[in-house]
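Hi everyone, thanks for coming. Let me put the protein up on the screen, and then we can walk through it together.

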Amino acid sequence: MLTWTTAGESHGPALVALIEGMLAGVPLTTQTIADELARRRLGYGRGARQKFEQDEVRILSGVRHGRTTGAPIAIEIGNSEWPKWETVMSADPVPPESLMVDAGRGDQREMARNRPLTRPRPGHADLAGMLSYHHSDARNILERASARETAARVALGACAKAYLAAVSQIQVVSNVVAVGPTRDESNRLPTPDEMGALDQSPVRNLDPAVARAFQQTIDRAKTEGDTVGGVAQVVAWNVPLGLGTHVNERDRLDARLAGALMSIQSVKAVEIGDGFVQAHQFGSAAHDEMVWDEDGQLARLSNHAGGLEGGTTNGQPLVVRAGFKPISTVPKGLRSVDLATGAATEPFHQRSDTCQIVPGAVIAEATVALQLARALDERVGGRFVEEARAHLAWYQEYLSEHLRAGEEA
């Protein structure tokens with residue numbers, strides 16, 4: 001079974017991604033991962049940090065000459081800014097006086113790099129993490145809680161996409177369907193052949209009028225010293241029926257997808273198909289009726305379920321959406337308290353984006369790819385690519401025979 005984890009801090013020397021259970025023979029290169037990480041850096045409303053921090057990718061194990069070996073794959077994403085943070089983030093003890101000097105210009109933003117952070121920021125993990133782990137310095141929390149960790153998830157997603165491409169025809173694509181109060185009302189699903197155009201769009205939306213409206217909303221937030229969130233949509237095409245299961249909660253694919261997407265920093269809501277709309281409908285309008293099409297194949301008249309019924313894929317396109325709250329680091333400042341002095345105050349404001357929804361869509365895309373790769377691996381098994389393909393081919397033939405008019409299940 002595919003399993004994975006990440007390690008590392010926002011300003012540490014590197015992030016590390018580890019994935020186990022990968023088939024042997026999957027095409028994968030350093031450039032494949034670097035290309036996915038470059039997609040994560042795109043987007044209107046991104047802050048200055050993206051201009052100077054670079055992702056330095058290195059595959060440490062599990063790949064030889066562009067093919068996976070079946071061994072665990074370890075990926076290192078080096079932090080090009082590490083020299084500036086080597087003292088502050090040192091794993092070994094440092095002289096206390098080295099943390100009391102200005103880190104650069106001497107203003108508050110630069111001093112915040114070295115000095116203990118005792119002012120928890122609203123909307124962040126600072127307060128809960130400090131008290132939960134008995135820390136007096138929020139940096140011990142925010143460095144791991146930071147969305148910088150999602151670079152490792154995108155690297156893992158690159159491995160998952162490589163698996164899906166090698167074994168199946170599953171393709172995963174994402175777009176942005178809302179920025180703050182501005183929504184794309186078209187309900188149009190992006191297709192894999194639009195991936196390049198979506199990557200080129202500053203707001204990951206191909207409708208010119210909608211894209212302009214999204215940019216205007218982001219501009220307004222930036223002008224007002226504010227931040228704004230949005231909704232990312234992920235669509236997976238060519239997903240076979242039968243990934244996931246109804247038999248227990250831990251293996252329901254809808255539960256896995258919801259949990260995985262909710263684990264992305266800033267995500268506060270997940271919808272599968274027309275989930276929130278269905279909550280306000282009667283059953284006669286909410287479900288996807290089945291008919292025999294002109295070729296004698298079972299077809300659906302709609303896809304309100306988003307390709308999932310009873311925790312299992314039903315052969316329709318998989319459609320999920322993730323709602324990202326506005327970034328918690330708000331330039332105009334939000335009230336807080338200093339846990340060291342008890343005084344009312346405002347937290348230090350450090351560099352941040354105005355809107356994270358475009359990279360958020362890419363991160364959500366990687367997350368869905370990982371869950372689909374795991375579910376497909378559980379369905380077809382195998383240790384090398386050709387074996388898994390053969391198992392999937394047999395299963396798809398079985399499905400084809402049982403989804404034709406006149407066939408018994």
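Let's start at arginine 40. Leaving out residues up to four places away in sequence, arginine 40 touches Arg46, Ala147, Arg148, Thr150, Ala151, Val154, Pro359, Val362 and Ile363, where contact means heavy atoms within 4.5 Å.

A quick word on what you are looking at. This is a predicted model, in which local features need pLDDT of at least 70 and side-chain atom pairs count only at pLDDT 80 or more, while totals for chains, interfaces and linings use all residues. Residues are numbered from 1 along each chain as its sequence is written, and side-chain values use heavy atoms, with hydrogens and water left out.

Back to our arginine. Arginine 40 sits in helix α1, residues 30–40; helices here are DSSP runs of H or I with at least four residues, strands are runs of E with at least two, and both are numbered from the N terminus. So is arginine 40 buried or exposed? Arginine 40 is buried, because its relative accessible area is 6%; the cut-offs are under 20% for buried, over 50% for exposed, and partly exposed in between, with a 1.4 Å probe and protein chains only.

Arginine 46 is in the loop between α1 and α2 (49–52), and it counts as buried at 19% relative accessibility. Beyond its neighbours within four places in sequence, arginine 46 contacts Arg40, Arg41, Asp353, Cys355 and Pro359. The UniProt annotation "binding site", from an unreviewed entry, covers Arg40 and Arg46. UniProt positions are in the numbering used here, feature names are shortened, and annotations may be inferred rather than shown by experiment.

UniProt also lists other positions under "binding site", again from an unreviewed entry, including Arg144, Ala145, Gln265 and Lys325. Take alanine 145, which is found in helix α6, residues 139–145. Alanine 145 is partly exposed, with a relative accessible area of 32%. Not counting residues up to four places away in sequence, alanine 145 touches Ala125 and Gln265.

Now over to leucine 308, in strand β13, residues 308–309. Leucine 308 is buried, at 7% relative accessibility. With residues up to four places away set aside, its contacts are Leu253, Asp254, Leu257, Ile272, Thr313, Asn314 and Leu318. How far apart are the C-alpha atoms of leucine 308 and glutamate 36? They are separated by 27 Å, and the two residues are 272 residues apart along the chain.

Histidine 134, in the loop between α5 (126–132) and α6, has a phi near 60°, a positive value in a residue other than glycine. Histidine 134 is exposed, with a relative accessible area of 75%. Asparagine 187 also has a phi near 60°. Asparagine 187 lies in the loop between β8 (182–183) and α8 (195–200), and is exposed at 68%.

Finally, let's zoom out. The protein has 14 helices and 17 strands, and buried residues make up 48% of its 409 residues. Its C-alpha trace spans about 80 × 50 × 40 Å along the principal axes. Among contacts between residues at least 6 apart in sequence, 71% join residues at least 24 apart. That's my tour, so please ask away!
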